[in-house]
Amino acid sequence: MNILEKIFGTHSERELKLIYPIVDKIESLKPEMEALSDDQLRDKTREFKERLSNGETLDDILPEAFATVREAAKRSLNMEHYRVQLIGGIVLHQGRIAEMRTGEGKTLVSTAPAYLNALAGKGVHIVTVNDYLAKRDAEWMGRVHEFLGLTVGVVLNSMNSDERKKAYGCDITYVTNNELGFDYLRDNMAIYKEQMVLRDLDFAIIDEVDSVLIDEARTPLIISGQSGKSTKLYEVCDVLARQLEKGKESAEFSKMAAIMGEEIEEEGDFIVNEKDKIVNLTADGVKKVEEFFHIENLADPENLEIQHNVILALRANYLMFRDKDYVVKDDEVLIVDEFTGRIMPGRRYSDGLHQAIEAKEHVNVKRESKTLATITFQNFFNKFNKKSGMTGTALTEEKEFRNTYGMDAIAIPTNKPVIRIDHEDAVYKTKKEKFKAVVDEIEATHAKGQPVLVGTITIETSEMLSQMLKKKGIPHKVLNAKYHELEAEIVADAGIHGAVTIATNMAGRGTDIKLDDESKAAGGLKIIGTERHESRRIDNQLRGRSGRQGDPGESRFYISLEDDLMRLFGSERLVGMFNALGVPEGEQIEHKMLSNAIEKAQMKIENNNYGIREQLLKYDEVNNEQREVIYAERRRVLDGDNMRDLVLKMITDIVENSVDMSISDEQSAENWDFGELNNLLLPVIPLGPVSLTDEIKGMKKSELTHMLKEKAIKLYEAKEAEFPDSEQIREIERVILLKVIDNKWMSHIDDMDQLRQGIGLQAYGQRDPLVEYKMSGYEMFEGMTAAICEETVRILFHIRVEQKVEREPAAKVTGTNKDDSAVQAPKRRDVRKVYPNDPCPCGSGKKYKQCCGRKPV
Ligand code: ADP
Ligand code: MG
């Protein structure tokens with residue numbers, strides 16, 4: 001707490017003061033609500049909706065609506081919102097983050113803002129971190145909402161699109177962040193509007209919001225398909241990587257030093273920097289790679305792929321560790337979530353790293369995938385008109401919530417005072433001593449019947465501890481988290497007296513640990529952390545599992561100077577100090593300075609990770625702008641808008657561009673390069689070849705353009721007339737446009753991916769890679785839109801209409817190579833005609849008669 005906070009109170013305290021009067025109002029309505037019959041209470045929903053339609057706002061009806069939900073929860077669930085839960089609910093309604101500890105009843109908290117906002121009729125999404133919680137909460141809290149006459153849906157991984165659509169159509173929908181995000185991407189790949197499942201993104205309440213918006217936000221959601229690229233290079237590079245010699249790690253070597261161009265003495269072929277997770281080839285290494293591949297210069301752009309793959313192979317071999325970062329199972333490499341220690345089936349490292357690891361582990365190297373659609377959680381959740389979140393641990397990440405998501409975090413007081421004792425860290429010299437101490441502590445605690453929950457960072461540690469406990473004959477459960485539901489059951493039992501539970505970090509998050517009376521008497525749940533996590537927040541999560549709702553409890557972290565965190569970030573000075581204290585083998589020390597140093601290291605890493613996410617976001621902003629343009633265009637097409645004007649504009653644009661590219665302003669008609677013009681124009685718009693006819697001889701360039709535009713539009717009108725009715729050609733325009741957009745857009749995002757990787761590799765240049773990325777990205781986007789126009793127009797002009805179709809609603813598009821001289825005479829023309837005073841379809845902004853519709857002079 002700084003001095004200002006001491007005088008004026010913290011941000012949370014000040015904000016809470018503004019909320020208390022509203023809570024008082026809600027509480028004062030209690031007797032009134034209690035007096036209502038069930039039916040009368042239910043009728044409140046109708047009344048509120050009516051009042052909203054008569055101009056009252058959600059804030060106007062908030063106190064009554066909250067009081068209604070509170071009473072309904074009491075009657076349907078036998079739980080009545082505590083005062084702090086009402087506060088939390090208001091914070092959520094206000095689009096902020098409610099920091100409420102584990103066990104404070106956040107599930108119930110969300111019912112009040114969900115009900116209130118659902119009254120507006122635009123749908124409320126309650127976002128959870130796994131299917132199990134979505135289902136549990138939908139069923140559990142659904143009883144309150146259904147009591148009040150609202151509909152509640154849940155979206156699960158196993159559901160098809162009809163079921164999803166139905167669930168999203170409900171007043172309140174429970175869904176995981178992944179399902180929601182993927183549904184958004186899939187909706188934007190739909191070919192028919194009916195395939196779309198989501199409603200507009202109005203209000204989201206995100207449970208375990210730090211997990212979703214911070215931890216998971218490091219990797220974007222990606223929908224991918226397979227590309228045709230060979231996988232051989234990965235295997236070859238793996239062979240090479242094993243032949244290269246690892247140089248001595250240099251503590252001085254850092255990304256920063258590299259960027260600053262500092263001279264570093266190099267040894268070996270490559271240098272691994274574990275701290276920043278980067279690998280670099282030395283001059284010797286570069287030479288060896290060049291010899292191996294028989295290439296002149298590895299730095300040449302044409303060798304970018306080799307360069308990329310060699311680095312990947314080195315990273316796979318020297319920075320990615322089996323059973324820590326990933327496991328190998330059934331000929332597959334599976335990622336282990338670093339936060340939960342859980343295996344993430346189906347997820348793959350991006351940029352080819354997964355393939356490199358597959359090559360390293362000699363399992364089948366999967367074809368490289370091609371990104372079809374992608375979005376970051378940051379950009380996805382920022383699409384909501386309003387969003388809010390709840391978690392036990394938010395304040396450490398307050399800055400990021402504010403800057404990235406525009407949400408502030410409010411710490412809400414607990415319902416009952418927390419009496420858990422958080423002990424100082426116990427620090428040991430070696431890991432071996434530390435784990436011995438941990439096991440001794442477990443044994444002693446278990447002996448007196450106090451339940452213990454042991455938190456680990458990796459599956460490996462969990463298993464090692466389990467072995468040690470087995471040897472001592474201490475019964476225990478290990479939670480390596482394969483099934484959320486099973487996990488929840490085990491964690492729920494962690495409070496039974498005498499229970500010993502080993503769990504990776506946040507496994508079982510969202511599950512309540514209830515204590516029995518004997519456990520309480522024995523001191524409550526004891527938390528033993530076997531290592532400090534990179535992020536203080538994750539440590540706080542673990543601690544917070546104990547001491548809920550005024551329960552007794554204890555927590556302590558065990559640390560050794562050999563832990564990764566200490567090894568990589570603890571200063572030399574610290575180790576020196578430890579030695580100076582002359583601590584004998586096996587002895588622990590508790591020292592404020594040590595704990596402070598650890599916390600400083602954690603803050604450094606947190607900042608660093610925030611930086612990485614911020615960077616990811618900055619790059620994604622470029623993609624996001626483009627995505628918005630394309631998705632909006634797609635949406636128009638799906639909505640069935642008439643695309644004729646757009647098509648005509650594309651046609652006239654192509655004419656104009658072709659003329660501009662082949663003919664310069666000063667030339668007179670005799671010198672025009674008709675060959676070039678025809679080459680550009682005719683493959684797309686099959687007009688007859690343009691040549692120096694009498695008609696053209698005296699023309700200016702602009703006149704030629706007008707004439708060709710007019711001809712092209714006439715030709716298109718003739719094409720339209722081939723269709724028995726105009727709705728058919730409109731539908732075909734939409735279908736073709738959509739397919740072309742998708743095709744080009746998908747290759748574009750893949751190209752953007754490549755671009756980013758390429759730019760990342762060239763980070764040594766003088767220019768800011770982000771600026772480079774923006775500029776090239778913009779150019780590529782322009783190129784893509786031009787290609788979309790050309791392709792769409794080309795296909796439309798070359799459609800062949802099957803005339804014998806009688807009952808089928810839409811004409812069939814059977815091929816695109818037909819010779820157009822055979823186009824049949826118009827049978828019916830009910831396409832919209834352009835009248836002389838209409839705006840010209842070429843998009844010039846002039847009237848048709850003064851533009852493309854001008855009579856030849
Ligand atoms: P959190 O998500 O904040 O960790 P949960 O929503 O899982 O907490 O709730 C923890 C436990 O508290 C649940 O068993 C729930 O039944 C209970 N609970 C929550 N609110 C109340 C209440 N107002 N009255 C009684 N029990 C409650
Ligand atoms: Mg919860």
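Predicted model: local features only at pLDDT ≥ 70, side-chain atom pairs only at ≥ 80, totals over all residues.
Two strands count as paired if DSSP finds at least two bridges between them.

**The site of ligand 1**

The shell around ligand 1 has 16 residues, and E80, Q85, G103, K106 and T107 come nearest. By type, the shell divides into four nonpolar, five polar and seven charged residues. Helix α7, residues 106–109, gives three residues, the largest share of the shell.

| Residue | Part of the residue | Atom of ligand 1 | Distance |
|---|---|---|---|
| E80 | backbone N or O atom | nitrogen | 2.8 Å |
| E104 | polar backbone atom | oxygen | 3.4 Å |
| T107 | side-chain N or O atom | oxygen | 2.4 Å |

Taken alone, ligand 1 exposes 570 Å², and the protein buries 84% of that.

Strand β19 covers residues 500–504. The strand is mostly covered, with five of its five residues buried. V500, I502 and T504 point one way from β19, while T501 and A503 point the other way. Residues on both sides are buried.

Which strands pair with β19? Strand β17 (residues 452–456) runs parallel to β19 and is joined to it by five bridges. In that pairing, T456 stands opposite T504 of β19. Strand β18 (residues 477–479) also runs parallel to β19, with three bridges between them. There, V478 has I502 of β19 as its bridge partner.

Strand β2 spans residues 124–128, and five of its five residues are buried. V124, I126 and T128 point to one side of β2. H125 and V127 point to the other, and these residues are buried on either side.

β2 runs parallel to β4, and five bridges join the two strands. One pair across them is H125 and T173, which stand opposite each other. β2 also pairs in the parallel sense with strand β5 (residues 203–207), over four bridges. In β5, I205 is the bridge partner of I126.

**T173 in strand β4**

T173 sits in strand β4, residues 172–176. Is T173 buried or exposed? The cut-off for buried is under 20% relative accessible area. T173 has a relative accessible area of 1%, so T173 is buried. Its side chain has a polar atom 2.8 Å from the backbone oxygen of A167.

Helix α11 runs over residues 177–187. Nine of its 11 residues are buried, so the helix counts as mostly covered. The buried residues are N177, N178, E179, L180, G181, D183, Y184, L185 and D187.

T68 belongs to helix α5, residues 58–77. With a relative accessible area of 0%, T68 is buried. T68 and M33 are 35 residues apart in sequence. In space, their C-alpha atoms are 6.6 Å apart.

P769 is in helix α33, residues 769–797. P769 and Y619 are 150 residues apart in sequence, yet 9.8 Å apart in space, C-alpha to C-alpha.

**D563 in a loop**

D563 lies in the loop between β21 (553–560) and α25 (564–569). D563 counts as buried because its relative accessibility is 1%. Which side chain makes a polar contact with the side chain of D563? The side chain of K434 does, at 2.9 Å.

**In brief**

Strand β19 has β17 as a parallel partner and β18 as another. Strand β2 pairs in the parallel sense with β4 and with β5. T173 of β4 stands opposite H125, and T173 is buried.

Conventions:
Residues numbered from 1 in each chain as written. Chains lettered and ligands numbered in written order. Heavy atoms only, no water. Near = heavy atom within 4 Å. Polar contact = N/O pair within 3.5 Å; in protein donor to acceptor, adjacent residues only side chain to side chain. Areas by Shrake-Rupley, 256 points an atom, 1.4 Å probe, with all protein chains shown as cover. Nonpolar A, V, L, I, M, F, W, Y, C, P; charged D, E, K, R; others polar. Buried < 20%, exposed > 50% of the residue type's maximum accessible area, 1.4 Å probe, protein only.
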